[in-house]
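Let's take a friendly walk through a protein model together. Have a look at the picture first, and then we will visit a few places in it.

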Amino acid sequence: MCKSIFIVCCILYFSVGYTQLKQIEFEKTIEEKISLLMANMSLEEKIGQTCQITLDAVLKTDANGTVVEPVQLDASKLNEALTKYRVGSILNVSSHTLTISEWKSMHQAIHKYYQEKFIKIPILYGIDAIHGVNYTQGATLFPHEIGLAATWNRETLKKTASITASEMRASGIRWNFSPVLDLGRQPLWSRYFETLGEDPYLTSELGKQIILGYQGTQSKIDNTHVVSCLKHFVGYSMPQSGRDRTPAWIPEKYMSELFLPPFKAAIEAGALTVMVNSGSVNGTPGHANYKLLTKLLKQDWGFKGFVVSDWEDFSLLSSVHQTAGSYKEGIVQAIQAGVDMSMVPTSPLYKDYCTLFNDAIKEKLIDSSRLEDAVRRILRVKLYAGLFDNLNQTKEKGDLFGTSTFKKEAENTVLESITLLKNKNNILPLKPNTKVLLTGPTANSLNALNGAWTHTWQGVDTLYNTKDALTLLEAFKLKNASVSYVKGAMNEYIEGWESCKIIDTIALKEQAAKNDVIVICLGELPGTEKPGDIRALDLPEAQLQLAKCAINTGKPVILLLIEGRPRTLHPIVEGMDAIIQLYLPGDYGAQACVKILYGDENPCGKLPYTYPKYSGIIEHYDHPKSIEKSKSNQWNGFDPEWEFGHGLSYTSFNYSNLMVSKEQFKELDSIRITVDITNTGLRVGKEVAQLYVSDLQAQVTPAVKQLKGFDKIELQPGQTKKVSFILSNKDLKYANQSGEFVNEPGFFRIQIGPVSKLIELIK
Ligand code: BGC
């Protein structure tokens with residue numbers, strides 16, 4: 001017995017040692033290659049490496065400057081960018097999605113410059129494949145991140161990301177501007193749907209899985225994986241005004257406790273690039289923040305990859321943020337702060353960038369060591385990405401691109417995410433012969449299901465939609481041919497702002513009389529960044545009116561929400577018999593939803609955010625206790641529509657036997673916590689065990705509770721499983737006002753579901 005343990009330990013010791021040695025060897029070889037490359041690079045070539053242009057800058061245009069369709073590379077523009085300005089990176093798609101063969105031939109033409117030795121360093125191409133490869137026609141589209149977070153399923157996120165990576169490789173692209181790790185704590189923000197929700201622990205845990213799915217587990221990116229890019233470092237998601245790219249004011253405590261941990265966890269998981277926050281935090285623009293970019297990210301966290309700017313942000317330091325007096329001063333500020341690559345990205349701005357950068361080096365406004373460091377970092381990532389290998393010999397692995405295998409995975413992801421918020425008298429699942437009237441502005445729109453970043457930037461154009469993907473109406477018809485449909489209301493943009501108009505409530509009433517239930521589909525128009533800004537969090541008034549009209553028919557009403565954030569809807573909640581949150585589920589959302597409605601599948605998603613009841617009371621589950629005080633002190637002032645982590649099932653679960661390995665523990669101890677969960681209903685179901693910890697007293701007012709563990713399990717009817725978590729001292733620390741993590745002895749409440757226990761940290 002002892003002997004075999006000894007042998008296993010030896011094998012482990014030597015294999016870990018061997019892997020570490022291989023890693024050290026690998027890194028050494030990479031660094032040597034970089035030194036060799038850099039020894040032969042001119043100043044212009046080095047500056048060019050830091051310059052990223054958009055595809056439009058090298059496409060053929062007509063006499064008016066409009067990109068010619070179908071898009072084609074303009075040989076002379078490309079030649080100028082690559083051989084004169086020595087540009088190192090290209091990004092993006094032009095105005096819409098391309099076919100896989102268009103992408104391939106484009107990349108071949110670009111890579112030829114390296115292969116035929118017109119340039120020494122290959123181009124790194126980057127794209128926003130943020131819910132699947134949304135800029136390649138026929139790719140598998142997944143839910144947006146907010147829906148992914150609702151799965152609370154680490155495996156699912158890893159799988160989703162790895163499919164995206166392999167479909168990117170099939171399109172010849174190796175750098176993904178994803179994941180967004182900004183925290184969703186400001187639902188007015190137009191990019192809320194791009195986040196993994198409001199909680200730092202959930203975001204960190206799921207973010208790590210996305211990194212593993214994109215990049216794989218090898219140091220060098222193999223031919224099924226891609227380089228990831230963490231966005232947007234840091235604080236972008238918390239604009240005080242709610243509008244995109246406006247200032248955030250974040251105390252050090254919240255920076256440390258909430259906004260930084262997901263980025264730190266992703267860097268530890270090996271993320272190779274980071275994109276900067278386009279806004280400002282506490283008055284300092286993200287792109288001029290030396291403390292965050294150099295001191296924290298690179299020095300303290302040891303980040304070895306490179307930092308890329310967001311769109312045009314070097315120039316915005318003078319034109320918008322006004323921390324620089326000129327474009328040149330902006331370049332100096334951003335490079336000195338620690339940005340390594342500038343997404344310039346248009347022409348002729350990129351030419352000015354290269355010239356001004358050169359001047360700044362000559363005038364010693366930028367340290368040449370800073371340029372050397374930036375280039376070294378960029379080359380490192382290019383080497384890790386395998387770009388120097390002969391691309392003709394490296395078979396890109398994307399064999400399953402757009403196949404039913406991947407589409408099935410996308411549907412499974414949606415099934416994991418759909419969240420049943422209300423189910424009065426178990427109206428759901430529907431009986432097969434139920435006569436259904438479908439209505440609402442999102443009932444027959446594939447664009448609504450996909451949101452922005454789908455085939456086009458804003459996702460509103462219907463021209464490029466995936467051919468075989470279904471709207472909710474189409475999916476319903478496949479299941480139940482007799483489903484009736486009345487549009488009811490229409491979402492539209494008026495003067496750039498979202499709006500909704502009622503169309504036919506009379507038809508709604510008439511049809512309601514002929515059917516058993518009304519399924520009403522509400523929600524948002526696609527939109528992101530500035531164009532996606534909204535003026536109020538409430539669902540548009542016309543949608544609420546349509547819902548009231550449906551309720552007033554006296555028929556049971558089931559509400560489907562297709563929205564990237566929690567839009568407040570309190571006036572209609574009471575009247576609804578069932579409410580389902582679909583988030584922005586993508587191309588396979590409709591069919592998954594119908595399966596859940598008819599009970600072919602059991603819902604198991606959980607809210608990754610607190611769903612507010614009133615647009616004037618936006619609070620998070622991890623608020624301080626003072627928030628719970630109401631005017632009269634007679635009820636809890638923290639009164640959301642639905643709590644963070646909420647989500648119903650068609651079965652029921654019971655929690656029992658909460659056990660802790662120690663009730664008193666010291667700083668270096670860890671505690672094992674176990675709980676039994678039983679499926680007490682009649683059908684198989686999945687439950688998410690959520691472990692919350694409450695610090696009962698601290699020198700800085702603590703949060704009422706914080707998520708410190710979760711596990712999603714499947715249970716057969718009657719089955720019980722034991723779920724266990726390990727808590728260490730680190731999980732019980734809080735950030736003080738200076739943002740430093742500290743431990744204080746005292747009592748902590750541990751809670752999983754309805755069961756809880758006290759533990760004590762002693763000196
Ligand atoms: C967005 C980024 C995106 C970049 C490239 C910017 O406007 O803020 O998230 O990656 O464009 O498309």
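Our first stop is the loop between helix H3 (75–84) and strand E2 (89–91), where you will find Arg 86. Keep in mind that the model is predicted. Although Arg 86 is not a glycine, its phi is positive, about 60 degrees. That deserves a second look, because most residues other than glycine have a negative phi. Arg 86 is partly exposed, with a relative accessible area of 23%.

Now move along to Trp 152, in the loop between helix H5 (145–150) and helix H6 (154–170). This residue is not a glycine either, and its phi is positive at about 45 degrees. Is Trp 152 buried or exposed? With a relative accessible area of 1%, Trp 152 is buried, since the cut-off for buried is under 20%.

Most peptide bonds are trans. The one from Ser 178 to Pro 179, however, is cis, with omega near 5 degrees, and Pro 179 sits in the loop between strand E4 (175–176) and helix H7 (200–215). Ser 347 and Pro 348 are also joined by a cis peptide bond, with omega about 5 degrees. Look for Pro 348 in the loop between strand E10 (342–343) and helix H13 (349–362).

Finally, let's visit the ligand. Around the ligand are 13 residues, and Asp 128, Arg 191, His 232, Asp 310 and Glu 529 are the closest. The shell comprises 5 nonpolar, 2 polar and 6 charged residues. A ligand oxygen lies 2.5 Å from an N or O atom in the side chain of Asp 128, and a polar side-chain atom of Asp 310 is 2.6 Å from a ligand oxygen. Taken alone, the ligand exposes 310 Å², of which the protein buries 95%.

How values were computed:
Residues are numbered from 1 along each chain as its sequence is written. This is a predicted model: local features need pLDDT of at least 70, side-chain atom pairs count only at pLDDT 80 or more; totals for chains, interfaces and linings use all residues. Side-chain values use heavy atoms; hydrogens and water are left out. A residue is near a molecule or strand if one of its heavy atoms lies within 4 Å of it. A polar contact is a pair of N or O atoms within 3.5 Å; within protein, one must be able to donate a hydrogen and the other to accept it, and residues adjacent in sequence count only if both atoms are side-chain atoms. Accessible areas come from the Shrake-Rupley method with a 1.4 Å probe; for residues, only the protein chains shown count as cover. Ala, Val, Leu, Ile, Met, Phe, Trp, Tyr, Cys and Pro count as nonpolar, Asp, Glu, Lys and Arg as charged, and the others, Gly among them, as polar. Helices (H or I, at least four residues) and strands (E, at least two) are DSSP runs, numbered from the N terminus. Buried means under 20% relative accessible area, exposed over 50%, partly exposed in between (1.4 Å probe, protein chains only).
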